[in-house]
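Me: I have a structure to read. Please take me through it feature by feature.

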Amino acid sequence: MIKMFTTQLTGLFKRIYDKQEFEIEDGARLLAQAAIGQGNIYIKGFGEMEAVTVEALFGAEPLPSAKRYEDSTELTEADRVLVVSRFSTDEEAVALGKRLADEGVPFVAVSGLVEGEENLVDLADVHLDTKVIKGMLPGDEIGERVSFPSSMAALYLYFAIGFVIREMLEEYEE
C-alpha cells in the first residue's frame, strides 16, 4: 500500500506542476506584490489546510511578509491573500472569497476543483488546483477510495509558490 501511495503522490505532484506551471508563477507574482510593496501576504487555511498557514509562519523557511488571516484583519490595497481549502466549493472559503472580491483585494486560491454554483475558481484572481477530489487508492469496499492527501498537495503548491516569490524578491533587491 505504501508503494502504491508513493507512486500516486509522485504522479500527483508531477501533474500539478506540468498542468499549472504558469498559474503557479502568476499566483506567486500576485502574492509577491505585497512582499515587494508595503503589504502583507495573509494566509487563511480551512480545516486541514491550516497546515499551509502553519508552514508559512512557523516552518524552517517562513514566507516573507506572511501573516495569518483572521476575520478581524483589516486589509489595505497593498495586501494579498492566499485562501486554501479542501474543495473549491467550501462554503467558508467561498464566503471569504466573495468578501475579498467585493473589497477589491487580490487573492490566490488553492483547492481541489469541483463543480458547484459558488466556486473559488470564479472569485480568485488565480486558482491553483490540488487535483485531489477523491481518495487516491482503492479501499476494501468495492468502489471505495481512500488516502486523501489534500493538505500534501496544498503544501506542494505552497512550496512551489514560495520558491518563485523568493526568486522575485531576490531579483527585486538586486
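Reply: Start with the order of elements. This is a predicted model, and its chain runs α-β-α-β-β-α-β-α-β-β-β-α from the N terminus.

Me: How many helices and strands are there in the protein chain?

Reply: The count is 5 helices and 7 strands.

Me: What radius of gyration does the protein chain have, and what would a compact globule have?

Reply: Compare the value with the globule rule. For 174 residues the rule gives a radius near 16 Å, and the chain has 16 Å, so the two agree. Along the principal axes, the C-alpha atoms fill a box of roughly 55 × 35 × 25 Å.

Me: What share of the contacts joins residues 24 or more positions apart?

Reply: Take contacts with a separation of 6 or more; 68% of them link residues 24 or more positions apart. Buried residues, those under 20% relative accessible area, make up 43% of the chain.

Me: Which residues is Ile 165 in contact with, leaving aside neighbours within four places in sequence?

Reply: Ile 165 contacts Ala 28, Leu 31, Ala 32, Ile 41 and Leu 63.

Me: How far apart are the mean positions of the positive and negative charges?

Reply: The chain has 16 positive and 33 negative charges, and their mean positions are 6 Å apart. Carbon and sulfur atoms hold 50% of the accessible surface of about 9,500 Å².

Methods:
Residues are numbered from 1 along each chain as its sequence is written. This is a predicted model: local features need pLDDT of at least 70, side-chain atom pairs count only at pLDDT 80 or more; totals for chains, interfaces and linings use all residues. Side-chain values use heavy atoms; hydrogens and water are left out. Helices (H or I, at least four residues) and strands (E, at least two) are DSSP runs, numbered from the N terminus. The radius of gyration is taken over C-alpha atoms; the globule rule is 2.2 Å times the number of residues to the power 0.38. Buried means under 20% relative accessible area, exposed over 50%, partly exposed in between (1.4 Å probe, protein chains only). Contact means heavy atoms within 4.5 Å. Accessible areas come from the Shrake-Rupley method with a 1.4 Å probe; for residues, only the protein chains shown count as cover. Lys and Arg count as positive and Asp and Glu as negative; His and the chain ends are not counted. The place of a charge is taken as NZ of Lys, CZ of Arg, CG of Asp or CD of Glu.
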